[in-house]
Amino acid sequence: MNSFNQRCGMEKNQDVFSSVTKITVRYADTDMMGIAHHSNYPIWFEAGRTDFIKRLGYSYSRIEKEGAYLPLTDLSCSFKRPALYEDELAIHTKLALLTYVRVIFSYDVLDASGTLLATGKTHHAWTNTDLKPINIAKKMPVVYEALLGCLDGKKDL
């Protein structure tokens with residue numbers, strides 16, 4: 001285990017890491033029926049993904065300043081039940097796949113009672129600032145190792 005994972009309190013060879021991001025459905029997020037509009041889910045996924053990376057001890061802005069981007073290449077969302085105005089939501093974010101050039105995050109959106117409202121995935125490519133694919137293990141080995149630890153570790157972030 002590298003020193004980055006040790007500083008973050010990570011342990012390998014257990015379950016998968018996840019982070020939980022709390023969101024409250026705002027009035028502006030809803031339609032006339034008081035149901036959260038589907039366009040909010042990618043925004044909530046982004047909030048979860050940003051928190052996930054931040055809880056590893058790195059921020060998106062730091063990764064970008066060091067010359068790596070993580071553009072979205074695909075997004076999916078499956079709606080199970082509606083989120084309503086003023087619902088307290090928990091966005092559970094996990095790393096589903098990591099390669100040298102790609103990463104996939106998965107999301108579960110739950111209400112305060114623990115009811116699953118939606119699931120989703122976002123696919124991303126590691127690129128340089130010119131949006132050309134890069135090998136993240138070579139460009140930023142500390143970030144790659146920290147993310148790799150999320151696939152076989154056990155602690156909630």
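**Exercise 1.** Is E66 buried, partly exposed or exposed, going by its relative accessibility?

*Solution.* Keep in mind that this is a predicted model. Start with the number: E66 has a relative accessibility of 36%. Now bring in the cut-offs: buried is under 20% and exposed is over 50%, with partly exposed in between. So E66 counts as partly exposed, at 36%.

**Exercise 2.** Find the salt-bridge partner of E66 and describe how accessible that partner is.

*Solution.* Next, check R62 itself: with 38% relative accessibility, R62 is partly exposed.

**Exercise 3.** How many salt bridges does the structure hold, and which residue pairs with D29?

*Solution.* The count is 2. D29 pairs with R26, and here the closest N and O atoms are 2.7 Å apart. Now compare the two ends: D29 is buried, at 3% relative accessible area, whereas R26 is exposed, at 52%. Why can such pairs form at all? Because side chains of opposite charge can pair when their charged atoms come close.

**Exercise 4.** Explore the largest nonpolar core: how many residues does it have, and which element gives the largest share?

*Solution.* First, the size: this core has 34 residues, and L89 and W126 make the most contacts inside it. Then go through the elements: those giving two or more residues include α2 (40–55), β3 (88–98) and α5 (141–151). The largest share, 5 residues, comes from α2. Finally, zoom in on L89: among the residues it touches are I23, V25, W44, V109 and L117.

Notes:
Residues are numbered from 1 along each chain as its sequence is written. This is a predicted model: local features need pLDDT of at least 70, side-chain atom pairs count only at pLDDT 80 or more; totals for chains, interfaces and linings use all residues. Side-chain values use heavy atoms; hydrogens and water are left out. A nonpolar core is a set of buried Ala, Val, Leu, Ile, Met, Phe, Trp, Tyr and Cys residues joined through side-chain atoms within 4.5 Å. Buried means under 20% relative accessible area, exposed over 50%, partly exposed in between (1.4 Å probe, protein chains only). Helices (H or I, at least four residues) and strands (E, at least two) are DSSP runs, numbered from the N terminus. Contact means heavy atoms within 4.5 Å. A salt bridge is a side-chain nitrogen of Lys or Arg within 4 Å of a carboxyl oxygen of Asp or Glu. Lists of a residue's contacts leave out its neighbours within four places in sequence.
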